[in-house]
Amino acid sequence: MTVDYLRDPTAIYRQSFATIRNEVDFSDIPEDIANVAVRLIHACGMTDIVENLVFSPDAAQAGREALLKGAAVLCDARMVAEGVIRSGLPANNEVLCWNNHPECAALAKKMETTRSAAAVEFWRPQLAGALVTVGNAPTTLFRLLEVLAEGVEPPAVILGFPVGFVGAAESKELLVKQCRDTVPFLTLSGRRGGSAMAAAAVNALAKLSEN
């Protein structure tokens with residue numbers, strides 16, 4: 001049996017993005033944020049997420065400039081880290097995740113939290129000016145916000161896409177409340193999110209850095 005389907009990867013991307021832009025009204029969103037939103041929609045297949053995007057107007061610009069300066073990409077999960085297209089990063093940026101660090105499990109037990117949250121402690125030396133990407137664990141975002149409340153120098157941007165039924169919506173609400181006037185951020189309100197979307201956001205910012 002022969003099935004006729006589109007095989008060319010460039011054509012698939014082109015048609016996918018054209019379909020998204022045809023079906024979604026981005027007129028109320030800054031152009032650079034809209035370019036990121038297209039990638040987010042492409043990653044999840046849900047055009048309606050544009051209605052739930054919450055962001056600071058300078059989020060895309062801050063992320064783009066951070067990458068160009070060589071900032072590290074700090075990820076909450078291996079799934080996020082693996083989804084980042086290394087070849088697309090403009091300055092050979094490091095993509096880091098400490099969940100599997102030999103000391104992380106013991107630290108999580110001591111802190112009585114998840115490994116993803118405990119891993120934030122390993123972010124501290126590179127947190128200032130970094131690009132933080134959360135696509136899995138709400139506990140990571142909660143812990144990051146606790147660390148920032150201590151007065152440490154913040155990252156360049158926070159891409160907050162934790163997913164799930166326990167703490168995801170609440171962690172993103174706190175992100176918006178705490179960082180609205182202090183740290184650029186891009187998030188999706190409610191329960192939806194995920195590693196694919198978080199990685200897509202990084203890849204979109206990397207693409208913007210080519211312009």
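Predicted model: local features only at pLDDT ≥ 70, side-chain atom pairs only at ≥ 80, totals over all residues.

Residues are numbered from 1 along each chain as its sequence is written, and side-chain values use heavy atoms, with hydrogens and water left out.

**Stop one: a pair of helices**

Select residues 31-44, which are helix 2, and residues 59-68, which are helix 3. (Helices are DSSP runs of H or I with at least four residues, strands are runs of E with at least two, and both are numbered from the N terminus.) Two packed helices are described by the angle between their axes and the distance between the axes. Here the angle is about 80 degrees and the axes are 8 Å apart. (Axes are lines fitted to C-alpha atoms, for helices over the stretch in contact, and angles run from 0 to 180 degrees between N-to-C directions.) That makes helix 2 roughly perpendicular to helix 3, a label used for 65 to 115 degrees.

Now show side chains: Asp 32, Ile 33 and Val 36 of helix 2 meet Ala 59, Ala 60 and Gln 61 of helix 3. Contact means heavy atoms within 4.5 Å. The residues of this contact divide into four nonpolar, one polar and one charged. (Ala, Val, Leu, Ile, Met, Phe, Trp, Tyr, Cys and Pro count as nonpolar, Asp, Glu, Lys and Arg as charged, and the others, Gly among them, as polar.)

**Stop two: Ser 56**

Next, pick Ser 56, in the loop between strand 1 (53-55) and helix 3. Is Ser 56 buried or exposed? Ser 56 is buried, with a relative accessible area of 6%. (Buried means under 20% relative accessible area, exposed over 50%, partly exposed in between, with a 1.4 Å probe and protein chains only.) Leaving aside neighbours within four places in sequence, Ser 56 is in contact with Ile 33, Val 183, Pro 184 and Phe 185. Draw a distance to Phe 185: its backbone nitrogen lies 2.8 Å from a polar atom of the Ser 56 side chain.

**Stop three: salt bridges**

The count comes to seven salt bridges, each a side-chain nitrogen of Lys or Arg within 4 Å of a carboxyl oxygen of Asp or Glu. Select Arg 192 and Asp 48, which pair up at 3.1 Å, N to O. Arg 192 lies in the loop between strand 6 (185-188) and helix 10 (195-208) and Asp 48 in the loop between helix 2 and strand 1, so the pair ties together parts 144 residues apart in sequence.

Then move to Arg 143, which is buried at 17% relative accessibility. Arg 143 forms a salt bridge with Glu 121, the closest N and O atoms being 2.8 Å apart. Another one joins Arg 143 and Glu 146 (2.9 Å, N to O).

**Stop four: Val 80**

Finish at Val 80 in helix 4 (residues 78-83). Its relative accessible area is 0%, so Val 80 is buried. Not counting residues up to four places away in sequence, Val 80 touches Cys 75, Thr 133, Gly 135, Ser 195, Ala 198 and Ala 199. Val 202 is 122 residues from Val 80 in sequence, yet 9.5 Å away in space, C-alpha to C-alpha.

Definitions and conventions: Parallel < 35°, antiparallel > 145°, perpendicular 65-115°, else oblique. Polar contact = N/O pair within 3.5 Å; in protein donor to acceptor, adjacent residues only side chain to side chain.
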